[in-house]
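My notes follow the order in which I looked things up.

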Amino acid sequence: MVNIQMTGAQMVLKAFEDHQVDTIFGYPGGAVLPIYDELAKERDTNQPIRHYLVRHEQGASHSAEGYARSSGKVGVMLVTSGPGVTNAVTGLTDAMMDSIPIVCISGQVPTHLIGTDAFQECDAVGITRPCTKHNWLVKDINDLSRILHEAFYVASSGRPGPVLVDIPKDIQFQTGTYIGPETVKHKSYRPKLKANIDQIDDALKLIADAEKPIFYTGGGVINSGNAAVQLLREFIRLTGFPITSTLQGLGAYPGDDSQFIGMLGMHGTYEANMAMNKCDLMINIGARFDDRITGKIDEFSPNSKKIHIDIDPSSINKIVKVDVPLIGDVAHVLEDSIKLWKSKVYKINKSPLKEWWKTIDKWKEKDSLKYTSDKNIIKPQHAIQRLYELTKDKDVFVTTEVGQHQMWAAQYYKFNKPNRWITSGGLGTMGFGLPAAIGAQVAHPDKLVIDIAGEASILMCIQEMSTAIQHKLPVKIFIINNQYMGMVRQWQELLHDKRYSHSYTDALPDFVKLAEAYGAKGIRVQKPNELDKAINEMIEYDGPVIFDCVVEQNENVFPMIPSGKAHNEMLLGDETVKEEISDEGKVLV
Amino acid sequence: MSEIVSKHTVSVLVDNEPGVLARVIGLISGRGYNIDSLTVAEVDAEKHISRITIVAPGTEQTVNKMISQLQRIVPVKRAANVTFEKQGIEREMALVKIVSTGEKRLESMRLSDVFRARVIDTTHDSFVFELNGSPRKIDAFIDLMKPLGLSEVSRTGVVAIARGTEKM
């Protein structure tokens, strides 16, 4: 690679090319005009970068996330200074919480104006410091190419995350030396990929001795890539152990497989949470003992040994003390584990495992996801079940907003492949689903992409409909419309004596007309017997659709572990809600 | 884990690059931890590595959580609890100004001798003492000086290192 002279703006595009970036999401503005100018000049070349013009920088950030989450590649976004950056903050934080690789390039006022409160100036690196894995302010043109390469490296290696490179406008115009990516090496950041083999052996011994084991897997498996997913499946089948997954991990193991006992956590299945509570060995693969998973921490799985595989050493013993930590990349650790398991001819403890499965099957009989159907009004669970049944033969990508619909989607839509389930788990960002669906559709133009939404969440980034129309992205928005911020309403019902404070939306738009105003198709369904036909109509329509599915208003998400309670204290339905939640529980979120 | 709140000394090795101190401090304040003292200086000029020493009050658990979070920062190479009770050595330096005359002045001079403090500046009615030692020793010295005309104190904050062959 020869070192060549070019402008800062050209370097940005050259770095994109060197890192195989062909797609970016962005919004122009004063401080990024030189880079946009290069995009215009490049438009007539053989392989121009595809730039998707969003309608709000938050949309760009979630679209980049949707692109990254559905493809496993780095999502790239380009925004201007000041409001461009501050609008992107929500998406960067979202990517930070869920460990999604994003490179955000932001314009900045010219270096001589930094600190003068110039027009559209903000302290971009200061504002984004806590919500990025790392960030840089480029002050010298000759640092730019190195920083860009480091940015892609940091975003995508170790525990992935968002990074931001803030480039002042004068640097974009200046000419300097471009150094190729192969000569740039980050001076200190080298995440460990392989775990200590003795510790792997310790873990395998625990696995061989276990009588009541459970695998608890998370988004780390999906982030590790397809090899990790295949190895996970092999290892699970090799052991015959039950497996549960976090919200982020859904799809790594087939949702319809008999060893899969459903999602765990606050709205997980009865059998998954009971198994976590009663197990004698927990094997955590790429999950982080999040509070949605553990419930009351003192009573979390009190009698188990714990193995924790994680690439991020700081995740180990952060919340739950583990017996065998395996620090490394999931794929590497599983590969070594399977090899060692076979070479040492370890055997699982068959007869207690059989008993354990019997116990789990008994828990399963509770049928914790059951709900009562209704002939006259659509139950939200039923709507999602029908959506699943009518689309399961296709390779579908599902995004969600945040709230009840998200939990119902996680419970009733089964995922058999990784990267098909794209949801804001850590940050819980309402407004995530539509732009994320746009990003997923961009990455997979020929696939069916559905945003399972709520009528409140969808309005938070509804402007991105315009993006979908402009770029001919046929995303389907399936709104579970109960006129309430359903999860807020549910908590107010259970925790605040049914005082529904500001959780009812009195003036919703007519979603059919709204769709038409954007140039999309609108469908409204209110009767259960019309549902299937309408869903098929939505799938078959070649273009974006807003599907307004009017559902029962008072339905709650069950099972539910109330705040401050342990796994074995789940609420299974309205009839089980008796005792009041303690004050200690109320303060939790 | 212990629920007792005590002072913990945390050493952090970082790449000395722009913004790294802000990252460390921002994380600590942003997550609601307090800082009693902070020192920072480059310790390897060739590799551009700085050492940050933070004294923070907290339970064992909160400090461990803080260390976990610190380890996620990209330019942070190591972070560890090097508290005195955990086989660490802690030292601090203080400059202590005494303004007094007569018997008080003489008494401050005598006490400084006991503490092996050095006089580095003097006028007819003032001293500036330089004092090294553990934070506790410096606290004790300052307490004793209060009735003897203590005027001003400047402290470096704690630096710490592990005893024996152990390396961070």
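**Entry 1: domains of chain A**

I note at the start that this is a predicted model. I looked up the domain assignment of chain A and found domain 1 at 4-183, domain 2 at 197-364 and domain 3 at 380-550. I then took the centres of domain 1 and domain 2 of chain A over C-alpha atoms, and they are 37 Å apart. How many residues of domain 1 of chain A are in contact with domain 2 of chain A? I get six residues from domain 1, against six residues of domain 2. On the domain 1 side I count one nonpolar, three polar and two charged residues.

**Entry 2: H1 and H6 of chain A**

Next I went to helix packing in chain A. I picked helix H1 (residues 8-18) and helix H6 (residues 141-156), which pack at an angle of about 20° with their axes 10 Å apart. Angles under 35 degrees count as roughly parallel, and H1(A) and H6(A) are therefore roughly parallel to each other. I also checked the hand of the crossing of H1(A) and H6(A), and it is right-handed.

Which residues of H1(A) and H6(A) make the contact? From H1(A) I wrote down Gly8(A), Met11(A), Val12(A) and Ala15(A). H6(A) brings Ile141(A), Leu144(A), Ser145(A), Leu148(A) and His149(A). I sorted the residues of this contact of H1(A) with H6(A) by class and got six nonpolar, three polar and no charged.

**Entry 3: H3 and H4 of chain A**

H3(A) passes H4(A) in a right-handed crossing.

On the H3(A) side, the contact is made by Glu57(A), Gln58(A), Ala60(A), Ser61(A), His62(A) and Glu65(A). On the H4(A) side I have Gly84(A), Asn87(A), Ala88(A), Thr90(A), Gly91(A), Leu92(A), Asp94(A) and Ala95(A). The classes for the contact of H3(A) with H4(A) come out as four nonpolar, seven polar and three charged.

**Entry 4: chain B overall**

I moved on to chain B. It has four helices and nine strands, and along the sequence they follow the pattern β-α-β-β-α-β-β-α-β-β-α-β-β. I boxed the C-alpha atoms of chain B along the principal axes and got roughly 55 × 40 × 35 Å. Of the 168 residues of chain B, 25% count as buried. I also looked at contacts in chain B between residues at least 6 apart in sequence, and 73% of them join residues at least 24 apart.

**Entry 5: domains of chain B**

The domain assignment of chain B gives domain 1 (6-86) and domain 2 (89-160). Their centres, over C-alpha atoms, are separated by 28 Å. The contact takes nine residues from domain 1 of chain B and six residues from domain 2.

Which elements give two or more residues to the domain 1 side of this contact in chain B? I found strand S1 (6-15), strand S2 (37-44) and strand S3 (49-58) of chain B. The largest share, three residues, comes from S2(B). By class, that side of domain 1 of chain B has four nonpolar, five polar and no charged residues.

**Entry 6: one residue, Leu150(B)**

I stopped at Leu150(B), which is found in strand S8 (residues 150-155) of chain B. Is Leu150(B) buried or partly exposed? I counted 18 other C-beta atoms within 10 Å, so Leu150(B) is partly exposed; a buried residue needs 20 or more. Leaving aside neighbours within four places in sequence, Leu150(B) is in contact with Ile98(B), Ile142(B) and Met145(B). I also checked Val96(B), 54 residues away along the chain, and its C-alpha atom is 7.5 Å from that of Leu150(B).

**Entry 7: chain B against chain A**

I find 15 residues of chain B in contact with 13 residues of chain A. On the chain B side, the elements that give two or more residues are helix H1 (20-30) and helix H2 (60-71) of chain B. H1(B) has the largest share of that side, with five residues. The chain B side that touches chain A divides into four nonpolar, six polar and five charged residues.

How values were computed. Residues numbered from 1 in each chain as written. Chains lettered and ligands numbered in written order. Predicted model: local features only at pLDDT ≥ 70, side-chain atom pairs only at ≥ 80, totals over all residues. Axes fitted to C-alpha atoms, helices over the stretch in contact; angles between N-to-C directions. Parallel < 35°, antiparallel > 145°, perpendicular 65-115°, else oblique. Left-handed = near helix turned anticlockwise from the far one by under 90°. Contact = placed C-beta atoms within 7 Å. Nonpolar A, V, L, I, M, F, W, Y, C, P; charged D, E, K, R; others polar. Domains from an automatic or database assignment. Buried ≥ 20, exposed ≤ 12 C-beta atoms within 10 Å, placed from the backbone.
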